[in-house]
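Here is a short briefing for a first look. Please keep the sequence and the 3D view open while reading.

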Amino acid sequence: MVTTEALIRRARECTIPAQRLVAGKPPWWQWMGYVGSAVMTDKANIYTGINLSMLCGIGFCAEHSAIAAMLKDGETRIAKIVAVTAIGDIIPPCGRCRELVYQIDPANLDTEVILATDRPVPLRELLPENWQQYFKPAVV
Ligand SMILES: [Zn+2]
């Protein structure tokens, strides 16, 4: 089993190659690969990904690419997830990523989200209201 510290380290380390690419480039390049994410599945496999943030709204969060890598191997159940900046700060998943983790597998409400606080929290605490139950087709 991978420790939380090792998962955090993997998330940060995956930003290094992209950060080397953007060194010395114009400022708008600096956010490419600035955030790394690592997910550990219920099978204890680790997948990492980096963000892509470019001009004109082009991009995605690090969690998206880590989850895409996981889906390539046919896994959907996330035991732990973390996002870390290139300078080592742990950041919480944005609302869109919280939804993504839930929507790829509703069992992920039990995913342990690693935060910069003393304790990780289950995703269900970060998604307290389920909106999908109200999403019904219009009657015309
Ligand atoms: Zn996000």
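Helices α3 and α4 pack with their axes 10 Å apart, at an angle of about 15 degrees. Angles under 35 degrees count as roughly parallel, so α3 is roughly parallel to α4. The model is predicted.

**How α3 meets α4**
- The crossing of α3 past α4 is left-handed.
- From α3, the contact is made by E63, H64, I67 and M70.
- From α4, R96, C97, L100, V101 and I104 take part.
- An α-helix has 3.6 residues a turn, so residues three or four places apart point the same way.

**The buried side of α4**
- Helix α4 covers residues 95-104.
- Its buried residues are C97, R98, E99, V101 and Y102.
- These buried residues pack against α3 (62-72), β5 (78-85) and α5 (123-126).

- Is C97 buried or exposed? C97 is buried, because its relative accessible area is 0% and buried means under 20%.
- C94 has 32% relative accessibility, so C94 counts as partly exposed.
- The disulfide count comes to zero.

**Where the topics meet**

Key:
Residues numbered from 1 in each chain as written. Predicted model: local features only at pLDDT ≥ 70, side-chain atom pairs only at ≥ 80, totals over all residues. Heavy atoms only, no water. Buried < 20%, exposed > 50% of the residue type's maximum accessible area, 1.4 Å probe, protein only. Helix = DSSP H or I, 4+ residues; strand = E, 2+ residues; numbered from the N terminus. Contact = heavy atoms within 4.5 Å. Disulfide = S-S within 2.5 Å. Axes fitted to C-alpha atoms, helices over the stretch in contact; angles between N-to-C directions. Parallel < 35°, antiparallel > 145°, perpendicular 65-115°, else oblique. Left-handed = near helix turned anticlockwise from the far one by under 90°.
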